[in-house]
Amino acid sequence: MAPTKNVRTISQEAFDELVKENIDDLGMDPAEALEDAIQTLSLQGVDLSGIVKCVPGEGGIKDHPAMQCLDKLKQLNADSKDQFGGQDLVQITALLNDLSELCISNKEDSGNAAIVAKNGGIELVCLICSKIPTKSRQCLVSCFKAMASLLTDVQSTESFRASGGPKIVVGILSDGIRDLDILKSGFTVVAAAASGNEVVKQSLMDLRVDELILQVLSGQTQGSIQSLYDAIRVLLTSDDNRVVASEVYGYARRFAKIGIAKALVESLHGGISSPSLVSASIALKAVAVNDEICKSIADAGGIDVLLKCVDDSGEQRNKTVARTCCSLLSKV
């Protein structure tokens with residue numbers, strides 16, 4: 001693995017102290033002091049993600065909504081030594097839902113996910129997840145959603161790995177193999193955690209996540225699982241710039257060897273009406289890394305079903321399907 005680029009960081013306390021010095025020593029008004037601190041540190045190359053940026057006296061880190069939610073979760077976790085039960089599960093589910101709502105990335109970028117991650121949120125959510133009973137599916141789904149919302153960069157996915165996240169998630173997925181909501185939210189975590197992190201990919205493969213994927217694709221679960229195809233694509237994408245030589249080519253061969261390529265061809269038979277057609281095609285393209293695998297796809301009827309999808313997409317003027325299927329055809 002290539003050396004990781006050093007990034008300068010700052011603690012919340014040091015940031016607050018710098019703002020205070022601007023006010024006390026330089027006579028700046030609070031808003032000016034805050035802006036100056038942000039600009040000065042940014043010019044110095046300091047990473048300010050996870051820092052609560054507020055004017056002194058107008059709220060601090062303890063007043064931040066995401067941190068208040070995190071503190072309540074910490075207290076509930078501290079009060080429970082083993083598994084959660086009863087009313088605790090109700091409270092934890094509600095708090096996890098609040099946390100994911102505050103941190104989801106498609107909202108206006110408030111930096112909430114980075115703030116929670118910087119203050120031990122990923123480690124806490126992993127620990128909480130390990131203490132939720134298997135039968136408490138609603139709480140597990142909420143935990144997975146919160147976990148996925150916090151996995152936004154390499155630092156966060158490394159925290160997830162160091163906290164035993166891969167083993168926890170794969171274990172819950174294995175137990176909930178027939179639960180559509182568990183699978184959807186769980187594979188969302190797999191995709192988020194493996195994105196840009198070769199070590200997490202390896203951890204998941206060591207835990208035989210490929211065999212779990214095959215079980216789901218083989219029809220043991222009814223319903224379309226978009227995140228499953230996303231997970232396949234991410235696991236087989238070389239996207240960690242710290243790595244000189246990725247292992248994803250070997251993973252793709254392993255996927256094909258156990259039957260995932262053929263299972264993906266089967267999933268294409270739903271045709272243009274299938275909501276997962278585009279995602280399944282992209283996932284299959286990621287698996288098709290050599291001539292042997294491409295031949296197995298053709299032998300399984302992959303070319304015929306793709307040609308039909310292309311014809312149907314032309315009739316329905318669906319450019320997205322046509323483009324995706326043609327891209328896969330050209331590779332096969």
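Student: At roughly what angle do the axes of helix α1 (residues 12-24) and helix α2 (residues 30-43) cross?
Tutor: Keep in mind that this is a predicted model. The axes of α1 and α2 come within 8 Å. They cross at roughly 125°.

Student: Is α1 roughly parallel or oblique to α2?
Tutor: Angles under 35 degrees count as roughly parallel, and those over 145 as roughly antiparallel. The axes cross at roughly 125°. That makes α1, relative to α2, oblique.

Student: What is the handedness of that crossing, and which residues of α2 make the contact?
Tutor: The crossing of α1 and α2 is right-handed. From α1 come F15, L18, V19, N22 and I23. Their partners in α2 are P30, A33, L34, D36, A37, I38 and L41.

Student: How many residues of the α1 and α2 contact are nonpolar?
Tutor: One residue of this contact is polar and one is charged. The nonpolar count is 10.

Student: Are α11 and α14 roughly parallel or roughly antiparallel?
Tutor: Helix α11 covers residues 198-206 and helix α14 covers residues 248-258. Their axes come within 11 Å and cross at roughly 25°. Angles under 35 degrees fall in one class. The two helices are therefore roughly parallel.

Student: Which residues of α14 meet α11, and how many residues of that contact are charged?
Tutor: The crossing of this pair is left-handed. E198, K201, Q202 and M205 in α11 meet V248, Y251, R254 and F255 in α14. By class, the contact has four nonpolar residues, one polar, and charged residues numbering three.

Student: Which residues have the most contacts inside the largest nonpolar core?
Tutor: That core has 97 residues. The ones with the most contacts inside it are F187 and I213.

Student: Which residues does I213 touch, leaving out those up to four places away in sequence?
Tutor: F187 is one of them. F255, listed above in the α14 contact, is another.

Student: How many residues are in the second, separate core?
Tutor: Its members include I10, V19, A33 and V46.

Student: What share of the protein chain counts as buried?
Tutor: The chain has 19 helices and two strands. Its residues number 332. The buried share is 48%.

Methods:
Residues numbered from 1 in each chain as written. Predicted model: local features only at pLDDT ≥ 70, side-chain atom pairs only at ≥ 80, totals over all residues. Heavy atoms only, no water. Core = buried A, V, L, I, M, F, W, Y, C linked by side-chain atoms within 4.5 Å. Buried < 20%, exposed > 50% of the residue type's maximum accessible area, 1.4 Å probe, protein only. Contact = heavy atoms within 4.5 Å. Axes fitted to C-alpha atoms, helices over the stretch in contact; angles between N-to-C directions. Helix = DSSP H or I, 4+ residues; strand = E, 2+ residues; numbered from the N terminus. Parallel < 35°, antiparallel > 145°, perpendicular 65-115°, else oblique. Left-handed = near helix turned anticlockwise from the far one by under 90°. Nonpolar A, V, L, I, M, F, W, Y, C, P; charged D, E, K, R; others polar.
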